[in-house]
Every structure is written in C-alpha cells, then in structure tokens.
Amino acid sequence: MTETPGFRWFRRITLTVLTVFTVMPLYVLVVTSVKPLENVRGLFTWVPDRVTFQPYVDMWSTIPLARYLTNSLIVTITATVLALIVAVLAAYPLARLRFRGKRVFSMTVLSTQMFPGILFLLPLFLMFVQGEELLGIQLTGSYFGLIITYLTFALPFSIWMLAGYFQAIPEGLEEAAMIDGTSRIGALVRIILPVARPGILAVAVFAFITAWGEVLFASVLTDTETRTLSIGLKLYTSQTDTLWNELLAASLTISLPVIVAFMLVQRHLVSGLSAGAVK
Amino acid sequence: MVVKIPAKAVLSASTALGLVAALTACGGSGEESGDQTLTYWASNQGASVEEDKKVLKPALDRFTEETGVEVELEVIPWSELYNRILTAVSSGDAPDVLNIGNTWAASLQETGAFVPYEGADLEAVGGKGRFVETSFATGGAEGEAPTSVPLYGLSYALFYNPTMFEDAGIEEPPATWEEFVDTAKKLTKDTDGDGKPDQYGLAMEAGSERQNSHFAHILGQQYGGQLWKNGPNFSSAEQVDAVKMWVDMMAEEEIVDPSNAEFSDGTQSIGDFVDGKAAMIMMQGSARTTMAARDFDNYEVAQVPMLDPLPGKPIQSHAAGINISVFNDTENKEGALQLVEHLTSPEEQVYLSQEFQTLPVATKAYDNEELQSESMQTFRTILTEHASPMPLIPEEGQMETVLGESIAGLFADAATGSKVTEADVRDAMKEAETQMDAAN
Amino acid sequence: MSTTEEPRSGAAEEDPPTEAGPASGSRRRRPRRPGVLLPYGMVLPAAVLELLIHIIPMILGIYIAFTSLTQLTIRNWTSAPFVGLENFVRGLDPSGALGSALFQSLFRTALYTALVVGLSWVLGMAAAVSLNTKFRGRGVLRTLFLVPYALPVYVAAIIWAFMFNHRDGMINRLLVQDLGLLDDRPFWLIGENAFWVLVVVSVWRLWPFAFLMLLAALQSIPEDMYEAAAIDGASTWKRFTGITMPMVRPANAVVLLVMGLWTFNEFNIPFLLFGDTSPDSARLISPLIYEHSFVNWNFGLGAAMSVLLLVALIIASAVYVRMVLPKGSSND
C-alpha cells in the first residue's frame, strides 16, 4: 500500500501518543521498584535518589511472596492446560460434526460471557460448601475449587476462538488421514492440532491472563495457605506502612514472566487470531 | 506411524480429568483437629502477621503446658477477618476460638454461631467481675447473654509532637476543642516558604469509614446526641453539629491537609505524624506499634479534647478493642473456654498488652507495676471513664460503612474546594439514614 | 453474539444425524456407531463445567434474589425465608433511596462502557492501521503495546493508584511542578475526577485487546484490494472507509460486544483503585452490588440487583445482535 505524507503524519502522531500513554505507568513501575523506602515516601521523583535492588531482596521476606507465586502458578497453569483440553474437545465437534443440540450448546456457552461475576460469586461459594459435605473434597480454600472456576471462565472465549480456527482448516486434511484409517480423534490429535498451533497458543495466552489476574473469586475461594498473588500483594500495605518500592518490585517480578511469554507468542497470536476468530 | 486413539479412551480420559485434578491438585488446607488440638484465629494486632505469631507463641505455649491442649494458630489480616468469619459461619468449617472486632459483636451474635457466655460458661472464663466494665459491655446486644468477651482493650487518645509544641511555644496539650483548634492553627504553617502550608496541626484518616464513624459517635455523645435510636438517627441536630465540627477541621479551620481526604488505610495519617507533616493525630493506642515500626518515639499522649461547656456526655472514645468468641461447632468446648480464660487472665494480659500496645481487659492486670507509665494511665482513664461502646446493634457494621462513607464524601467535597454548610451535612446525614432504612 | 460463530461447515444442520452418520455423500469411510455419540462425548466436559460453575450458580443466584439472605441467615442459607418480590421492590424502585442509586449507577456504567469501549476501539484501530504498514521498529511497538494487556490487572491498578496520589503522585508532579499547567494539585481518586481516572485506567488496560483483534483482522485483508483501489486513485481515507471498515466489520461486531460486556461488568479496576466503596462519581454497578452483598451482607438484595443487571445485559446484547451482526449467514 502506498503511503501518503498525510498517513505518515497520522502514523507518527498516533504511535507517539500511544507510546507515551503505554510507557508512562511502566516507567513508574520500574523506577519505583529500585528506589530506597525513604525515596518513595515523599513526592514522586523521576530518577531514584539512589538505585538499590534491596526491594527485590526484601520483598520475599516481607510477605510469603514465594508461596503466593507458587499458588498462582499451580492454579493458573493447571487451569490453562485443562481449559485447552476441554476447549479443543468442545470446539472440534462445533466446527466439524453435526449433532442435535449443537446450536443450543454454543449459544449457552457464549451467553455465559454476559453473566456478571458478582451474581454467582456467593452461590458458587455456597455450592462449593455443600459439595464439600457431599463429596468430601475440599473446594473452598483449595487449589481445586479455584482451578475448576478459572478453567470454566476461560471456556466460552476459548471454545469460540478455537471453533473458528478449526473451521478455517481445510477439511481435506483430516479426510485424507481418515481414508488411511485414522479415527476422527486420531485425526484431530495428529493432523488438526499441529496445524492449529497458533490458534491454540492464542487461546492458552488468553486463558492464562484471565486466571493470573482474577481478583474477585480468589478473595473468597482462597485461604492463607492457597492465597494467590492477586490477593496476596495487598499485604505490602501492612498495619504500619505501604512499602511501595517492594510492592512494585514484586509486581514487576510477577509480571515479567507473563510479558515475556506474551512476547514469545505474539507473532502466533496475531496470525492465530486472524486465521480464526476475527475473520 | 499413524496410531489409532480410540474415541472411548479420550472420552474417559476427559471425564476423568476432573478426578485427576482433584487428586493431584487438591493441596489446600484441611483442618485436622485431633482430640486435644484447638484451632485459634487471631486478628492481626502488631506490625505484621509474622510478628503476631512470634508474640502469641509463648502465650499459647504456656497454655499447652498448663492444660496439655495444643493450639493451632492462624493470624488473619484485618482486611480479611470479617469475610473469613462469615465464611466460617456459613460453611461450618470453623476454628474453635477466634478474635472479632468488638463492634461486630452484636452482628455476629445474631448468627447464632457463637457460644453465649452465661452461667457456668461465663464463670469458666473468669466471670463478669474479671473484666473492665466498659469493655465487657461490648460483648453483645444489650439484654442478651454476650457471645464475646473482651481480649484487648483500646481507646482513642490525642498524640502530639512535643518538639513542635515547644517550637510554637505551646506548653500544654489542649483540653477543649476550642483550645485544640487554636493550638492546631498555631501549628499549621509554611516551613519552606512556598506560600502553602506543609505542616498541619492535625492529620486524620478522612477517607476512612471507620475513623469517621467513630468520631461521629464520640463527638455526637459530647453534643448529647445518639447515632442510633430505634433506627438511624444521624440527622438529629446534635449529630449534625458533631459531624460538621469534625469536617470543619479541614473545611473551615484548615488545620488538616486536604490530602488527608484520600487517607483511608489507617496508617497514612500516622505516616504524616511520623514524618513531621502534622503535629497531632487522634488514634487508638495500637498506633504505637506502627510508630515503633517506623522508629519514631517523639510523641506524648493526652486525653481527647472535650466541648466546653459540655452539652452531652464526657466521652472521648468508643470502647474500642478486640473480643474473643468460641464457635458453637467446637468439639472441645471445655478446652476452648479454657483458652479464653487463659488469654484474658491478668498474667497473660500484662504480657499481651505490652507486646501489642493495647490495654488489659482484666481489671487486676492494671496493678502490675510494668503498666504504670503515664501514657498507660491516660489510655486507661479514657477507656474506663470516658468510653462508651458504638451502638450495640446487628446493623453496626453496615452503619459504619454508610455513615463513614457519607462523611468521607463531605471531606472529599471540602478537599476539592466546595463549601460544606450545615445544610450540606444535614442532607448527607439524611441520605445516609434513608440508605440504612432502605437496606434493612 | 452467536450468529457469527455459527460453524460454517454445517450452516443448515438442525436435523439429527442419521444412524449411518452424517450423510454428506462424498465421505465414505466414516467410523460407524461411535460417530453418533462422539460429538456429545467431546462437548461433555465443557457442558458439565459450564453447568456446574456458570449455569447452576446463576439459577441459585436468581433464587437467592427472592429470599432474605443476610449475615443472620447465612448459617443455614437453604432455609433463608422466601420473601417473594420484596428485594426487587426495595432495590429497584426508582423513587427509593436504593433504587435511585442503582439506576444512577446503571446509567453511569453505561456511559463508562461507551467511553471505554469507544476510546479503546479508536486507539486500537489507529494503532492497528499504523502498524499494519511496514517500517522500522514495528515489531518493537507491537510488543510494547501489548504489555498493558499482559500485565495482571491488579498490577495495572496498583501503579495507576500510585500515580494518581494527590500529594506525592507522578501525575500531579507532572502537571503542577514540572509543566506548571495547574497551580493546585487536583484530587483524582476522590470526588468528580475519580470517574475519569476509572476511564483512563480501563482504557489503558483494554485498548491493546482491541488493537490485537483488529490487527489480526487487518492482516487477513488481501493486499491486492488496496492496490486496486490505489490504481483507481482512491485516497488513504477513502481506502480506509471503502475497504478496511467493511472488511473488519465482522471482527468489529464481535470485538465491540465482547469488550462491552467485559466493561459493563467491570469490577476489578474500581475495586483495586478505590477499595470496598467507590467514590459516588465512580460507582459502577458491579462494585455497587458487591457493596450491598459483601460489605453490608444483604445477599438477597445484592442478588436482586444482579438479576436486573443480567436482564439489562441480555436486552442490550439482543438488540445489538439484531442491529449490528449480519443476519443469517456469516460467510466471509
């Protein structure tokens, strides 16, 4: 596409404004995390009085950050992996097979996107409590309860994206395999999944981000042992002080893996989305 | 190369996923209360949860030594405690003994989840006579057997910075509100010459629902008002006067930094006091742990000022503090009551009140010579002679939210430059009343 | 939102599969019996989870709206008294104290949603159009723009709250000390400005999502369409309105709906910025319901209000789907 000077100016201005908007909070995040405590108590300074990495050392002992990090990792990774499996299984028949009730199923799953979380927070909790008595499985305050909750939250969007993606894959691919005697599931696993990798990555990232940042349900479904980062970070605001430097150092530390992972897959993300969902 | 995966296998695998997850990932908590073990949920009193564990451990060890009963301790931050209690109430997955904020006592009493202290059960924890009267009164609704007894006593007091007082040529802490405002005005000044004050007479948590409600109560009592009379009574002339006076500290008298309107976590105003940005704060005694954690000891403690002439009662604080309750579902009620008895005994009270900067709830503990400091006397006088409980009603928690929020709103108006007239205050209080009525 | 996702390969498939499996002539070597049950088996895990975590709790929530469940009855919640429509009458009566606050909040939330979704779309589109061209540093910017979306939402809220602090925050330092645009430091987290803070933080967090989805949509537009238009002498703007917009229309329809639903239900950002109770100017509907349910412990009332929210969302989505989404087929 030919670029007119007008378009170049538009691009320059847009990108400058957006870069400043995006970077400003990130700059504050980074610069505050390397300031000594005295330096974060008063007026914000653009440059640290003195650069120190002490907050990155102290943050582990001020609160049990390592435990929260472990909890978040266990919950988020398990929920993401399970969500992928469940979503792939559900998306495939939606894209390829005919069965009675398909429309109802897809409509219902998608409409759950509009349920306000606040409406089913308490009922879900009460059900979990009831379930504990019936099944003898610890659901509140355990990883398990949180995992199945997050896994389900990620499902509607994931199923919808994957179904779109699967549809975009030529049917001939599986048919050729099935003529060779492979079962449908076999074809899904060996033929479709490898081709659909960008779409699956996109879904995985989405599911991960959803679970990693969830606050509301984590506040009710976790206890001291299973508390996740989204709730645990609040403890840097203690009875005595808010340790902003440690809080932001911890924030940066727990964000970095997500951001790096995001960067690694972002190329696939865009191609995954453009091949599937947004067409 | 092509391996068939039977559909059936995948189906059973996918449905079994849940179970697998259950088995592998269900590493959550599980309370295994053996015969002799009690679980105890403590509130966070000191500088941090970890700090509290260290303080409580010796006290609980002494209990185990005496009785042979082990105690499993969990210290819960304030921000979570009420939620955790209600969760425990609704799920039955509860500790044997727990701490509660004493303003929640009537509310939690109504859930029926706690053992009432009456008859032999009350005697088992030392009897009514053991406790400081004003604190004991917070145990539940009037006329009903209390479901909590006091554990830590607290009261508001006036903290001031003696160096700043000296610099301003002030000799005595103010005793009346009129003197207080005068004093605070002398202490509000521009120290760096940029034309704006950077030292203020008073710092407060103006955005905090709790502190605002407490002072609506305290000042209301001094004006002869009452927050609750068979229902919300916030807009009575006395209460309006009280709230107006409180808000005017910032709005009219300008002795409070407008920035304080954003303060709400209970520590920011202490920070201002420690950093020398304010010469006075009114805080509960536990604020001393915060100051100690910031290595600050340049303060004196005085009684909260009073109106002169005084149309109402000489109240300087609500009877603040932490109470302790026993869950009905406990399998070891006897042991649980013993634990309450142990923690409220004069000996342990001396230890705990020193560690947590609280006031003993057992009258006898005050005889201990370690507790004879001047500031201890001040706090004690306020709690025993000038304190009255917040309204002992189930709606108390909600009242603090609704009332405190509307006062915080008035502070926000004042801070953002609007005038706050008496009519504004009355309207805000009326609005809060309707909200309370409508929600109940 | 569901018409677009209607799977293309089976656009007319309401009829049940015949016992011989789908009879679409060309395929001969279908597996036999398992074929009928296979789709059900595959959607089963998803169906069970949706039922347990979404549907049943929702129904239970609607039931709670008809009871007087409070902290006093929670201990034995199944026997909380049934009070019929009382919660709805009290909570939703526009002339009452609660109802008027609720409808104000609903209106405010609608405005907030329109602003956040609108701004996010504009920024996302502008960035997508800019980055869909080739120039140096394009990859870096694309990565950078996605960072706010990858950042956990609580981290984003924590940073912004720190920046908007009245006395010591970066924003006021910039406006007053450094640029000298204002004489007095404004308040951001209390009073009227709180609403705008909410909008800014929400847009910061959401626009990368719009950007990502729209960029993906732009990349699937064949380059030769633009080239043909360029030969015809169409201006950049003409090409945008004539080619780009129609081509991204299906993506747009879905992106706007999804962002709209998320934003309307937004809870995290106000909760993290303001705590349990938001300033009046910024009280959105989800935090308001949270306040009634979990600060004041009136679950019945909170549930009644959530039901209203749900109904509002269903109506809005239905209208939207009818008006915006292409009817019937969803072919490219």
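The model is predicted, with local features requiring pLDDT of at least 70, side-chain atom pairs counted only at pLDDT 80 or more, and totals for chains, interfaces and linings using all residues. Residues are numbered from 1 along each chain as its sequence is written, and chains are lettered from A and ligands numbered from 1 in the order in which they are written.

Most residues other than glycine have a negative phi, and most peptide bonds are trans. Asp295(B), not a glycine, has a positive phi of about 55°. Asp295(B) is exposed, with 7 other C-beta atoms within 10 Å (buried: 20 or more other C-beta atoms within 10 Å; exposed: 12 or fewer; partly exposed: in between; C-beta atoms placed from the backbone). Asn230(B), in the loop between α9 (209-222) and α10 (237-251) of chain B, has a positive phi near 50°. A cis peptide bond, with omega about 0°, joins Asp308(B) and Pro309(B); Pro309(B) lies in the loop between β8 (300-302) and β9 (317-318) of chain B.

Chain B also contains an open sheet of 5 strands with mixed pairing, in the order β2-β1-β3-β10-β4, where pairing requires at least two DSSP bridges between two strands. Strands β3 (residues 97-101) and β10 (residues 320-326) of chain B pair in the antiparallel sense over 5 bridges, and Asn99(B) has Ile324(B) in β10(B) as its bridge partner.

Technical notes: Helix = DSSP H or I, 4+ residues; strand = E, 2+ residues; numbered from the N terminus.
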